[in-house]
Amino acid sequence: MKTIKYFLNLSFIALLTLFTSCNNDDDFSEIKSTETGKIQLKFENGFDNLGGIVLDQTTQTSSNGQKHKLTTLKYIISNITLIDEKGNEFDYHKNDPDKGAFVINQDSAIANVVYLNLDNIPQNKYTKVRFGLGVSQKAYLLGQTGQATFWEKAKKNGMTWAWAAGYVFFKIEGFYGKTTTDTFFLTHTGNMGDINKNNVQDLYREVTLNLPTSARVTSKIKPSIHIMANLNTYLSGDHKLILDESNNNIMGSSNFAQLVTENIQNMFRVDHVHNDEKNQ
């Protein structure tokens with residue numbers, strides 16, 4: 001009889017532990033939908049087969065056998081949206097570059113990572129993230145005075161032309177060649193101002209990524225979403241590109257810039273999510 005009671009007690013303890021663990025895993029007890037928290041996005045640039053990019057050092061070979069080495073890598077992220085498991089969306093300062101646009105600059109990366117810290121995020125369980133690559137036309141058409149803070153920040157990072165031409169969305173520079181990297185190249189993509197007035201293509205793109213595990217924003221948890229950018233896509237994406245004298249000095253929204261944009265919009269993926277408990 002004592003043996004039966006002993007095993008019953010053990011079974012009860014095991015079930016209680018499992019129930020408690022599940023509750024802690026869901027962490028719904030700490031989510032208060034009327035309150036806000038914080039979240040972090042981490043951007044890590046690299047080549048999938050080589051690891052992180054060290055400017056002026058890492059040399060990659062494209063799918064067409066062309067070697068290239070990067071000396072500059074920058075791009076603009078804006079219009080960040082967090083999507084919960086029910087499909088509800090939270091827009092982080094949508095079409096407000098002063099508060100919701102950022103420059104990802106490889107030169108300022110810490111251990112190959114650029115950190116974006118977002119606050120006033122509604123507490124929730126998020127399963128997807130969406131963001132813009134570049135600056136939307138709606139935001140640009142607010143005018144220079146409507147985004148003076150971010151315009152100056154982008155200008156200091158070399159991510160602008162004159163206001164009439166607008167922002168540089170994606171900037172990559174370096175050297176390329178068949179056997180050695182000895183020929184300079186640059187690709188600076190962007191909308192060249194008002195796309196309707198200037199009759200040019202819209203190179204602004206939005207990217208939606210699924211999270212491998214949910215990001216749980218609570219009063220105690222500041223999730224960290226680790227996003228990998230695979231720069232193999234620059235020349236070796238859907239469009240297999242070769243640098244030569246006709247396209248090694250590109251600025252704006254030319255046909256080559258459009259092909260590059262279509263390639264790099266697919267360079268992002270979420271590697272993992274941390275839901276560590278931290279003081280906010």
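## Basis of the description

A residue is called buried when its relative accessible area is under 20%, exposed when that area is over 50%, and partly exposed in between. The model is predicted.

## The pair between arginine 130 and glutamate 89

By the definition above, arginine 130 is buried, because its relative accessible area is 16%. Its partner in a salt bridge is glutamate 89, with an N to O distance of 2.9 Å between the two side chains. Arginine 130 belongs to strand β8 (residues 124-133) and glutamate 89 to strand β5 (residues 89-92), so this contact ties together parts that are 41 residues apart in sequence. Glutamate 89 has a relative accessibility of 47% and therefore counts as partly exposed.

## Other salt bridges

The whole structure contains four salt bridges. Side chains of opposite charge can pair when their charged atoms come close.

One of these salt bridges joins the side chains of aspartate 56 and lysine 69, at 3.9 Å from N to O. Aspartate 56 sits in the loop between β2 (51-52) and β3 (59-61), while lysine 69 is in strand β4 (residues 67-84); the pair therefore ties together parts 13 residues apart in sequence. Lysine 69 is buried, at 17% relative accessibility, whereas aspartate 56 is partly exposed, at 44%.

A further salt bridge is formed by arginine 269 and aspartate 271, whose closest N and O atoms are 3.0 Å apart. Arginine 269 is partly exposed, with a relative accessibility of 37%. Aspartate 271 is likewise partly exposed, with a relative accessible area of 35%.

How many cavities of 30 Å³ or more does the structure hold? The count is one.

By class, the lining of the largest cavity consists of six nonpolar residues and four polar residues, with no charged residue.

Methods: Residues are numbered from 1 along each chain as its sequence is written. This is a predicted model: local features need pLDDT of at least 70, side-chain atom pairs count only at pLDDT 80 or more; totals for chains, interfaces and linings use all residues. Side-chain values use heavy atoms; hydrogens and water are left out. On a 1 Å grid over the protein atoms alone, a cavity is a set of points where a 1.4 Å probe fits but cannot get out, and a pocket is an open set with protein on both sides within 12 Å along at least five of seven lines; lining residues have an atom within 4 Å of a point. Grid points are joined across faces, edges and corners, and a volume is the space filled by probe spheres set on the points. Ala, Val, Leu, Ile, Met, Phe, Trp, Tyr, Cys and Pro count as nonpolar, Asp, Glu, Lys and Arg as charged, and the others, Gly among them, as polar. Helices (H or I, at least four residues) and strands (E, at least two) are DSSP runs, numbered from the N terminus. Buried means under 20% relative accessible area, exposed over 50%, partly exposed in between (1.4 Å probe, protein chains only).
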